[in-house]
Amino acid sequence: MKKELYSILKESKASDFIIKEITTYSQEAFFIGQKLDMSRAKEVTHTMVTVYVDSDDKKYRGSATKEIHPTYSVEEIKKEIDKAIFAAQFVLNPWFPLVADQQSEGSDLDVNLTEELVKICEAMQKVKAGKNEKVNSYEIFVNKKKTHILNSQNVDVTFYGFDCEVEAVINTSKEGHEIELLKDLRFANKKSEEITSEIEKMFISGEARLKAVPTKKNEHANVILSGDDVVQFFQYFTSHTNASNQFMGVAKAKINEKMTGENADDLTIELKATMDGSTKNDAYDMDGNPIKDRVLFDKGVCKAFWGSVQHAHYIHMEDTTSINNVIVHGGSMSMDDMKKEPYLEVTDFSAFIMDPISGNFGGEIRLGYEKDDKGVYPIVGGSISANFSKVLKNMKFSKETRQINNYIVPCAVYLRDVVVAGE
Amino acid sequence: MQVKMSEYLIEIKPKIKELITLLDNEFEYVSVLCTDVSGTSYRVGQRQTNVGDYGFGERGFVVRVYENGSYCEYSFNECEDVKACAKTIASVLKDELRALEKLGVSKMESPLIHEEEITESMVNEIEVNPEEMSAEDILAHLKKISDAGAKHEEVIEFQAAMQFAHVNKMFLSDKKDLMQSYAYAEGMAAAIGTNGEKTEVAYESFSGLKGAEILDEMDNKVEKIIQDLNDKLNAEAVVPGMYDVITTPEVTGLIAHEAFGHGVEMDMFVKERALAKDYIGKQVASDITSMRDGALSASQVSSYLFDDEGTLGSDTTIIDHGTLVTGISDILSAMRLNTKPTGNGKRESFERKAYTRMTNTLFTTGTDSLEDMIASIEHGYLLEGMDSGMEDPKHWGIQCVVAMGREIKDGKLTGKVVAPVTLTGYVPDLLKSISMISNDFAMFGSGACGKGHKEWVKVSDGGPYLKCKVRLG
């Protein structure tokens, strides 16, 4: 089908085109408690085609994207490509070049999906639950992907990837009251013992939640964010350095300027093409552009942007990269320093919401800890709401860092004067 | 005009029947869901225009088989040679199951599906077929909307978007032969603006079992979006606390969906993950409150003949005058709970597992007028606009982020606006506090719903204005 598609595109009126074909092989297992509920497997291929149509004066470049299913007949392919080319001529975006002259065959991965699935199942079956604890349910996905990107400017690259996902729910109970916690682990290579241990650690949080008291209302709290949502907190900065957001006029980062205040910790953010254990180690992005290392912020100062070739061209960036992996360097305070004064630490939100445009962030507290003059105790309920325009002035990060899939981030962020809704 | 059934599904049907016959030799139960969903999305802004494929487009197959006391599934989207395909499916599924059995894992009790003989099909109607409308005309219409919004000084960007979907599905087994073809459209218009200090977004969404006629609905909303944007730019933070509030139909839908809808998905009953299981037959809401869900409950983006497991859609009364009557279910959960499936087994696509999912979820109307409801509040807010929500069926917690609250004092809107507003609380407290319900009604079907943090499907939700008591932060 790909050969036919390529020759149809070559003979079409498209000024340029790109074909992105991803074949995914998966095996999946679904458990209720420790009992197998269902097993699944799949082999699917998705082929996305983008056609580009230039205006006569080459000032504009329109595009339209369509999925070409493997079961399309030649007539259907031609019809879809013609429709896309027709639509693209009415899309008047400024002209931009495609990635050119990239060739790579990649190496297939020697992965046996059944063996990988069994390995993770074994690790999950080994999870030790105490008297008032249980594994409620879990879902395991192991995926192997082959990606082939081909365009009309001599790009022909193939690369392979492997990733796993475990979504686990645990329960802990006390005197007839049962609570649950959910964790979504994504990784490329994790030892069985690490998987077992990460799930068992959920029981510790579960026990704390059982003892939790309702969160108290506080309009001027010192808040520590320390859960997995720290990643989303730092995505505010990758969002504001994104070329598309810069072009749209909604990004606030400026080259050689700081986004953070004088009293805030200096922000250093690096993009890394590869990171051990990450599920995001593809050699190329979906434009066929090689993924590169890059420093976005150095000691607080914005040094570079990132994004698609199209948007990079629009904002006159000569060289660009997409994001695979991110390292946010640690800050000035140790976790112990952060906990010297009264604080409210949120380890789990129901859903952490961060809107990079308005800068609003927060969510309902599913588990946290509060320290007051009487001691430290777990809390639940209520919510925090804050805005980056305020916290950028004096936010601090922990010295300690940890890896969450494709991010290495400070273990905690310390924010002053945050509004907490509670009882 | 009537939507046209997928020619591809009609053409492939004999091949799939042959596949079922071949797999019948290997397995006790075999069914195949075949999908052919197409569509196009258009987005026009002041700086950039996009034409792309519909986000939920798909064409493929999922085979479900019963093997050695368990259900197994195989998803694929190429099948040149039926015999080879059947061989691959049988060997991959058996090998995977054997490898798991070898580990010594126990299996959930899974009764064998017994189906009744049924052959049915459905096609719906739309006014203007977007597939027959020129991309030039659609883009020009959206550009007109974008330009009308962008002319305002405070606006940085104004985007107008429209997408349409043509859903075709076929479910075949030894006893079932079901086909459906329906179309729906979604629209969105959004303003991003600043007053120098703050940057905010305001938007309106549109959806329905419609065609390109949805574009005309969008024309009239530009000025309201600009007004909302200015209200948000000038909004203050809400003082955290408990308030009497009135929810607009959009926020009512968000509450129906997040607060209670997820909690009555009966696959969560099987996993003991939903408190609602223990409250069947008990009062969970005020006497005036009733709630429904089903493919037949409303005419919206999740209205279909049959679900992704071949069960016919229905109209389920979940809460009847305050009492929890039943939940909604997929077929496997219903068999395990010894209940009747309600036609709520839905998949993100042919590639994903089916779970119990909502369809069109709503609170039913009451007899109050909005004016009387506002007049009854001493100090509270009229909550408008849906941003996001998160379910918590195990603990009946609720988190809904709404766009803004319009202050009500001494029975009148003061003109003061608070934003953003996070609504939290304990679901039964919220539902039992519902004291007035309007006679208005609207449904909203843009966007998608996840289960946990994945498995996105199309749903709609809505209802009337509700007066209740909630915690705002």
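Modeller: Two strands pair if DSSP finds at least two bridges between them. Strands (E, at least two residues) and helices (H or I, at least four residues) are DSSP runs, numbered from the N terminus. This is a predicted model, in which local features need pLDDT of at least 70 and side-chain atom pairs count only at pLDDT 80 or more, while totals for chains, interfaces and linings use all residues. Residues are numbered from 1 along each chain as its sequence is written, and chains are lettered from A and ligands numbered from 1 in the order in which they are written.

I start with strand E16 (residues 360–372) of chain A. Of its 13 residues, 10 are buried (20 or more other C-beta atoms within 10 Å of a residue's own, C-beta atoms being placed from the backbone), so E16(A) is largely enclosed by the rest of the structure. Strand E14 (residues 343–349) of chain A runs antiparallel to E16(A), joined by 6 bridges, and A:Asp348 has A:Leu367 as its bridge partner.

Strand E17 (residues 375–380) of chain A is joined to E16(A) by 5 antiparallel bridges, through a hairpin of 2 residues. The bridge partner of A:Lys371 in E17(A) is A:Val376. Strand E18 (residues 383–387) of chain A pairs with E16(A) in the antiparallel sense over 5 bridges, and there A:Glu364 has A:Ser383 as its partner.

Chain A also has an open sheet of 6 strands, in the order E12-E11-E10-E13-E21-E20, with mixed pairing. Its edges are strand E12 (301–302) and strand E20 (401–404), each with a single partner strand, so one side of each is left without a neighbour in the sheet. E20(A) pairs with strand E21 (residues 407–410) of chain A over 4 antiparallel bridges, with A:Gln403 opposite A:Ile408.

Pairing also links the two chains. Strand E2 (residues 35–54) of chain A runs parallel to strand E4 (residues 70–76) of chain B, with 6 bridges between them; A:Glu43 stands opposite B:Phe76. Across the whole interface, 63 residues of chain B are in contact with 63 residues of chain A, contact meaning that C-beta atoms, placed from the backbone, lie within 7 Å. The predictor gives the complex an ipTM of 0.95 and a pTM of 0.95.

A:Ala88 is another place to look: leaving aside neighbours within four places in sequence, A:Ala88 is in contact with residues including A:Val51, A:Gly62 and B:Val51. A:Ala88 is also among the residues with the most contacts inside the largest nonpolar core, which has 265 residues. Such a core is a set of buried Ala, Val, Leu, Ile, Met, Phe, Trp, Tyr and Cys residues joined through C-beta atoms within 7 Å.

Terms used. Contact = placed C-beta atoms within 7 Å. Buried ≥ 20, exposed ≤ 12 C-beta atoms within 10 Å, placed from the backbone.
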